[in-house]
Amino acid sequence: MSSFPVTRLRRFRRTPSLRALVRETRLQLDELVLPLFVAPEPLPNEALPALQRFDLDGLLREVEAVGSAGVRAVLLFGVPPEKDEQASGAWAEEGIVQQALRALRPRFPELVLVTDVCLCEYTSHGHCGVVVDGEVDNDRSLELLARTAVSHAEAGADVVAPSDMMDGRVGAIRDALDEHGFESTPILAYSAKYASAFYGPFREAAGSAPAFGDRRSYQLDPANLREALRECELDLEEGADAIMVKPALSYLDVIRAVREAFDAPLAAYNVSGEYALVKAAARAGWIDERAAALESLTAIKRAGADLIISYWTKDLAGWL
Ligand code: PBG
């Protein structure tokens, strides 16, 4: 390669059209997934609008609006009227997510309905599994997670996304789905989900903060990369159709490493705390929200994500 003055990399940066010709990474709305929270009562959130809760009617209106704006996929989270030790609201036939799915499915046949499969919003203690003697019991949680996934598929989910981080859950869910005739329902596994401080605003929206302790006995240690690759490998062996890295922005190296190690579709979750940081700085007048969001999402794609779960998905429908 020749160097300056023959080579001048600024030549292709001169105008927007020249830059567009050589752009390596592009964002498209059909790779984005919008998280939505459904609850018995709405709960507005002025500072973080994408983290508001909708009741069933509100959810239908919101999905109508975002669907006509071009959003192709949503990820549903439920906040149940009551919580208990067995997380019965997670797998109940009349659970809040099951009701939402039954309402959405016939009205929006083209929309991809992804569901978060986890127990933390539904357990009285807020952990992602069944608690026995003060510890989250892995194997006893599997049956409830599998039951939850099957009930979502029965109610109309297109994709189930387990986020609990129990060992063996992908296999347990795959078996249960197949047994119930849902062999065509894909599993998007939250494979490399870290024990992160960036989930704070989500836990408020979903009412899922653990009542004691933290999630470090099941979510990944933020210091570990090789372990993330092992998680992805195991999930794929157990039958995951797509894998995920979460959060995204502090874990771009993990996204890149997973991309290079596996050929499965890779999702990245641009989590609530990452959204909140930009929102707060924008509100203070320190940062341009749209530019910062587009830059962050572009970075996540550049790192290697195929699809992105983002609270900016609705805004993006207008920005792109
Ligand atoms: C639940 C779950 C969490 C998120 C997605 N699914 C929270 C947690 O593990 O505590 C976080 C999403 C976000 O912060 O946007 N298991």
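In what follows, Ala, Val, Leu, Ile, Met, Phe, Trp, Tyr, Cys and Pro count as nonpolar, Asp, Glu, Lys and Arg as charged, and the others, Gly among them, as polar. This is a predicted model, in which local features need pLDDT of at least 70 and side-chain atom pairs count only at pLDDT 80 or more, while totals for chains, interfaces and linings use all residues. Residues are numbered from 1 along each chain as its sequence is written, and side-chain values use heavy atoms, with hydrogens and water left out.

I begin with the ligand. Its shell holds 18 residues, of which Lys193, Arg203, Lys246, Ser272 and Tyr311 are the closest; a residue is near a molecule if one of its heavy atoms lies within 4 Å of it. By class, this shell comprises ten nonpolar, three polar and five charged residues.

Glutamine 219 places a polar side-chain atom 2.9 Å from an oxygen atom of the ligand, and serine 163 has a side-chain N or O atom 3.1 Å from a ligand nitrogen. Taken alone, the ligand exposes 410 Å², and the protein buries 100% of that; these areas come from the Shrake-Rupley method with a 1.4 Å probe.

The space that the ligand takes is the largest cavity. On a 1 Å grid over the protein atoms alone, a cavity is a set of points where a 1.4 Å probe fits but cannot get out, whereas a pocket is an open set with protein on both sides within 12 Å along at least five of seven lines; lining residues have an atom within 4 Å of a point.

Two or more lining residues come from each of β6 (135–137) and α8 (226–238), and α8 gives the most, four. The lining divides into six nonpolar, three polar and six charged residues.

The second largest pocket contains about 230 Å³ of space. Of its 16 lining residues, Val33, Val112, Val114, Val159 and Leu307 are closest to the centre. Both β1 (32–38) and β4 (112–117) supply at least two residues of this lining. What is its composition by class? The lining has twelve nonpolar, no polar and four charged residues.

Note on methods:
Polar contact = N/O pair within 3.5 Å; in protein donor to acceptor, adjacent residues only side chain to side chain. Sits in = over half its atoms within 2 Å of the grid points. Points joined across faces, edges and corners; volume = space filled by probe spheres on them.
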